[in-house]
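Q: Hi! Could you walk me through this one while I have it open on my screen?
A: Happy to, let's bring it up.

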There are 2 protein chains.
Amino acid sequence: MIFEVTILGSSSATPTAFRHPTSQVLNINEKLFMIDCGEGTQIQLIRYKIKYQRINHIFISHMHGDHYFGLVGFLSTMHLQGRNTPLNIYGPPELEQILQLQLNNNGNHLNYQIIFHALEQTESKVIFEDKELQIETIVLSHRIPCTGFLFREKERPRKLIRDKVIEYDLPISAFHDLKDGKDYIDENGKVYKNEDFTTPSRAPRSYAYCSDTIYNEAILPQINNVDLLYHESTFMNDSILRAQETFHTTSLQAGIIAAKAKAQKLIIGHFSARYRDLQPVLLEARSQFENTSLAIEGEKFRIE
Amino acid sequence: MIFEVTILGSSSATPTAFRHPTSQVLNINEKLFMIDCGEGTQIQLIRYKIKYQRINHIFISHMHGDHYFGLVGFLSTMHLQGRNTPLNIYGPPELEQILQLQLNNNGNHLNYQIIFHALEQTESKVIFEDKELQIETIVLSHRIPCTGFLFREKERPRKLIRDKVIEYDLPISAFHDLKDGKDYIDENGKVYKNEDFTTPSRAPRSYAYCSDTIYNEAILPQINNVDLLYHESTFMNDSILRAQETFHTTSLQAGIIAAKAKAQKLIIGHFSARYRDLQPVLLEARSQFENTSLAIEGEKFRIE
């Protein structure tokens with residue numbers, strides 16, 4: 001039951017020779033979700049051997065090019081490589097026309113369907129739900145409308161203690177209530193206490209993606225106790241004025257957000273091209289939140 | 001007086017872990033011209049240390065994404081890096097709207113001017129001219145309208161033999177005719193033979209870029225005697241049916257075109273992702289035209 005983020009790019013607006021613009025792939029129980037798709041993402045997918053045809057959902061945070069200029073090339077490559085299963089894209093409303101215009105002008109017709117979900121950008125919404133997982137938007141505060149994404153596993157049913165169920169010869173009709181956390185009461189009114197017949201299943205895991213945004217405590221209630229938090233950290237704190245002016249966060253501030261959210265772990269990324277050496281950026285965030293890592297391309301972060 | 005092509009990418013439609021989609025930069029006497037701009041080109045420019053703000057003219061051959069998906073990102077980066085000099089883009093008419101739509105949706109306004117030149121795609125035209133250089137389109141034959149580009153230095157004036165001019169005390173008014181290749185005749189009717197007073201300047205150099213196209217001898221008169229020919233070579237000749245079907249050329253055919261055009265040198269590129277090892281591709285072209293090289297990323301080809 002894997003829950004793992006792979007970093008494909010972590011540069012801010014301008015790429016460098018060593019850092020690509022933003023993209024990540026999240027693997028939740030072998031379902032792959034892509035978050036943002038900066039230029040060059042399709043090459044990164046090949047480089048890191050990600051089975052990209054298994055991606056069925058792509059989430060685009062906002063209309064700054066370093067978060068989506070790689071998307072149309074990736075869509076084309078999936079077509080050329082024979083994709084025929086539908087693909088869901090969640091992004092700002094303007095994105096749909098931009099993609100269609102480019103895809104319509106190349107003389108080909110995609111042999112798979114794109115299902116476009118225009119995101120509401122002013123309040124948080126659940127945008128995806130299946131029996132295991134829920135995905136909701138996080139309203140971020142950037143120069144243009146921008147949404148983060150919160151991936152949260154659903155509460156799993158409690159596990160039956162097989163030997164006890166057999167020993168007491170409980171009927172199958174009892175299982176539903178027990179898995180749901182309730183006691184079972186038989187037709188004679190006898191009570192079978194839930195904790196004697198079940199054990200808790202593992203806790204649901206969660207991942208919050210927050211890029212791009214100015215320091216904004218309004219997101220804290222939503223990401224409270226998140227297992228893994230990706231937060232942008234474009235600048236260091238000696239450039240806090242520049243960060244405020246451009247609606248970005250400093251690494252110190254990213255550490256503060258992680259601490260206040262009581263996150264288990266923080267990944268920082270979206271680094272300005274000015275930081276060739278990222279060690280000082282990391283240390284600054286760690287001064288506020290010890291369990292911080294850098295979003296280095298090719299790194300995988302797993303929630304166990 | 002440099003005349004040099006740098007290869008930035010040479011993959012066909014689908015990139016590989018080792019090859020980017022098409023782009024080249026041509027340096028003619030320190031003026032930089034970009035030809036095509038596939039995804040990732042801006043990162044390649046950084047990698048190969050090309051002073052990209054010195055590019056003032058970009059030529060896009062056609063609307064297949066592997067030839068232009070990197071353009072909008074490159075335009076954005078030039079803006080973010082402080083460009084303020086105008087930029088000329090020559091390409092299919094549809095390209096303009098696609099660029100504008102993306103540039104208008106990011107909340108910024110470019111701080112430099114884009115001058116868009118919509119290319120006529122059915123007949124060859126001179127699209128650029130200054131005192132040293134002329135650039136004309138080559139009508140290629142592909143699945144959608146596609147133009148190649150022929151860069152040709154202008155004939156340079158003959159060089160005066162300084163000592164002879166002084167010895168005979170020729171007036172400045174004589175220089176123009178002599179440089180132009182004419183004899184000078186003074187007011188008394190005395191003839192000063194051109195070859196006694198001038199030497200030829202170096203021959204004008206030329207570069208033809210032909211991608212993407214099916215094998216097409218109609219281009220031969222235009223590229224006759226070209227110094228350097230880049231010709232696409234998507235497949236090897238055992239896939240000639242696939243090449244015809246997709247309006248591409250085989251490496252054998254690219255060699256034949258170079259031989260028939262009496263080119264000095266051939267560069268082949270736009271390789272299908274199926275060819276991991278390009279040595280057989282090269283040998284096949286060389287069977288027809290010995291002086292052939294592969295368009296390997298980062299390679300520079302100079303006409304001396």
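Q: Where do helix α3 of chain A and helix α3 of chain B come within 10 Å, and at what angle do they cross?
A: In this predicted model, the axes of helix α3 (residues 94–104) of chain A and helix α3 (residues 94–104) of chain B come within 10 Å and cross at roughly 160°. Axes here are lines fitted to C-alpha atoms, for helices over the stretch in contact, with angles running from 0 to 180 degrees between N-to-C directions. Helices are DSSP runs of H or I with at least four residues, strands are runs of E with at least two, and both are numbered from the N terminus.

Q: What orientation do α3(A) and α3(B) have to each other?
A: α3(A) and α3(B) are therefore roughly antiparallel. The cut-offs are: under 35 degrees roughly parallel, over 145 roughly antiparallel, 65 to 115 roughly perpendicular, and the rest oblique.

Q: Which residues make the contact between them?
A: Q97(A), I98(A), L101(A) and Q102(A) of α3(A) meet Q97(B), I98(B), L101(B) and Q102(B) of α3(B), where contact means heavy atoms within 4.5 Å. By class, the contact has four nonpolar, four polar and no charged residues. Nonpolar covers Ala, Val, Leu, Ile, Met, Phe, Trp, Tyr, Cys and Pro, charged covers Asp, Glu, Lys and Arg, and the others, Gly among them, are polar.

Q: What pLDDT does chain A average?
A: Chain A averages a pLDDT of 95, and 100% of its residues score at least 70; pLDDT is the predictor's confidence in each residue, from 0 to 100. The model scores ipTM 0.87 and pTM 0.90.

Q: What rotation superposes chain B on chain A?
A: A rotation of 180° with 0.0 Å of shift along its axis does it, at an RMSD of 0.1 Å. The two copies are thus related as by a two-fold rotation axis. The same surface serves both copies, as 100% of the contact residues of chain B recur in chain A. The superposition is by least squares on the C-alpha atoms of residues with pLDDT of at least 70 in both copies.

Q: Which residue of chain B comes closest to the rotation axis?
A: G40(B), at 2.6 Å by its C-alpha.

Q: Back to helices: how do α2 and α3 of chain A pack?
A: Helix α2 (residues 71–80) of chain A and α3(A) pack at about 50°, with their axes 10 Å apart, and they are therefore oblique to each other. L71(A), V72(A), L75(A) and S76(A) in α2(A) meet L95(A), L99(A), Q102(A) and L103(A) in α3(A). That contact has six nonpolar, two polar and no charged residues.

Q: New topic: where are the cis peptide bonds?
A: One joins S211(A) and D212(A), with omega about 0°, and another joins S211(B) and D212(B), also with omega about 0°. D212(A) sits in the loop between β14 (206–210) and α7 (220–223) of chain A.

Q: And what is phi of N225(A)?
A: Phi of N225(A) is near 65°, a positive value in a residue other than glycine. N225(A) lies in the loop between α7 and β15 (228–232) of chain A. Most residues other than glycine have a negative phi, and most peptide bonds are trans.

Technical notes:
Residues are numbered from 1 along each chain as its sequence is written. Chains are lettered from A and ligands numbered from 1 in the order in which they are written. This is a predicted model: local features need pLDDT of at least 70, side-chain atom pairs count only at pLDDT 80 or more; totals for chains, interfaces and linings use all residues. Side-chain values use heavy atoms; hydrogens and water are left out.
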